[in-house]
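This report covers selected local features of one protein model. Please keep the sequence and the coordinates at hand while reading.

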Amino acid sequence: AAGSGRWLSWLGLALLPLAVSRAAAPGGCPSACYCVATPELVQCRYERLEEPPKELPATVHNLSIAGSNLSVLRPAAFAARPLPDLRLLRLRHDNIQVIEDMALQGLPALRTLDLSHNPLLSVAAGAFAGVPLLRTLQLNQALLAAPLEEQLALALRNLSLRRLELAGNALWALPVSLLPAGLEELDLRNNSLQRLTAAELQTLEAPGLRGLRLMLGTNPLSCDCTLRPFFTWLHTATTRVPDAHSLRCAGPPPLRGATLLRLRPAGLVCTAAEGGEPGQLETASYVFFGIVLALIGIVFLMVLYLNRRGIKRWLHNLREACRDQMEGYHYRYEQDADPRCTSAIGTP
């Protein structure tokens, strides 16, 4: 009994800080959240909030809300009280579907916004107005529910982003309209990119994007002839793709799993069935096959020409043999049909 009493006392001491944090007075930790170490770091995890907490401490620097059901971020959603020092806002797995105009109003110091793992359906043109210092926007696995490239382009037009994360969004092409001048880092890992086209590469060489670094790992690169422009660019701009040495081919089958930078340009070939230019190896094989067929035809014709007399004699003999055979069949037929022969055979 004494041992169990000591265990309960230790458990009470361990839970006391959490109980104090959740029941703090206004200006302290929100009732639905936990403060980690100090009120400057607030975490609201899996509390199923329907809206952002109202009683956030004015001194909060980092705010993380995860596993809730915010669904719609309305105007000034976090401005129930001034938050002049909030620099990082993480809203992961919160079922956010709509971001309305001025949703982030009242967060003048915000530098990093994480909206990853939310099924975004609509982003207003003024969704990010009021956060002039925003430099990092994380939208990993947030663009799968609807095509939002045009809406996001309008919403980002007045921002000076330095880092944009778009990993895991099944993107088939470089989102050119989402690349503001001055962008320094773009995360496109785990998408559906098979290549970067020549036009997209030209965009990356624009004056405002020449310093842009790309993360392209875990994309299903198609290592055929259409990849040659990107292959050439990658060899000259390896420093701009930090994970360049980990890029691997997803196809065609002979190159599946091959490290891209270890290939040679001549190895990037296309077949006519793939809609590209015929590869050099395939062209050579077709030419060789045609030459072989032509030689076989020439040899056959020469054999016929050299043996034309023997072939003619063989055809004549075959015709005579067929004629003799037919005459024999005709004679036996006439004998069988003669009634005199039939009566003579039947008389005893």
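This is a predicted model: local features need pLDDT of at least 70, side-chain atom pairs count only at pLDDT 80 or more; totals for chains, interfaces and linings use all residues.

Which strands pair with E3? One partner is strand E2, made up of residues 41-45, which runs parallel to E3 and is joined to it by 5 bridges. In this pairing, Gln 43 is placed opposite Ser 64 of E3. Strand E5 also pairs with E3 in the parallel sense, here over 3 bridges. Between these two strands, Leu 63 faces Leu 89 of E5.

## The aromatic pair

The structure contains 1 aromatic pair. Its members are Phe 230 and Trp 233, with ring centres 6.1 Å apart and ring planes at 25 degrees; planes under 30 degrees apart count as stacked, so this pair is stacked.

Where does the pair sit in the chain, and how are Phe 230 and Trp 233 separated? Both residues belong to helix H4, which covers residues 228-236. Because they are 3 residues apart in this helix, about one helical turn separates them. Phe 230 and Trp 233 are both buried.

Ala 76 is not a glycine, yet its phi is positive, at about 55 degrees. This residue is located in the loop that links strand E4 (72-73) to strand E5 (88-90). Strand E5 is also the strand that pairs with E3.

With a relative accessibility of 30%, Met 102 counts as partly exposed.

## A cis peptide bond

The backbone also has a cis peptide bond, which leads from Gly 251 to Pro 252. The omega angle of this bond is near -5 degrees.

Where is Pro 252 found? Pro 252 lies in the loop between strand E14 and helix H5. Strand E14 consists of residues 249-251, and helix H5 covers residues 280-306.

Conventions: Residues are numbered from 1 along each chain as its sequence is written. Side-chain values use heavy atoms; hydrogens and water are left out. Helices (H or I, at least four residues) and strands (E, at least two) are DSSP runs, numbered from the N terminus. Buried means under 20% relative accessible area, exposed over 50%, partly exposed in between (1.4 Å probe, protein chains only). Two strands pair if DSSP finds at least two bridges between them. Rings of Phe, Tyr and Trp (its six-membered ring) pair if their centres lie within 6.5 Å; planes under 30 degrees apart count as stacked, over 60 as edge-to-face and the rest as tilted.
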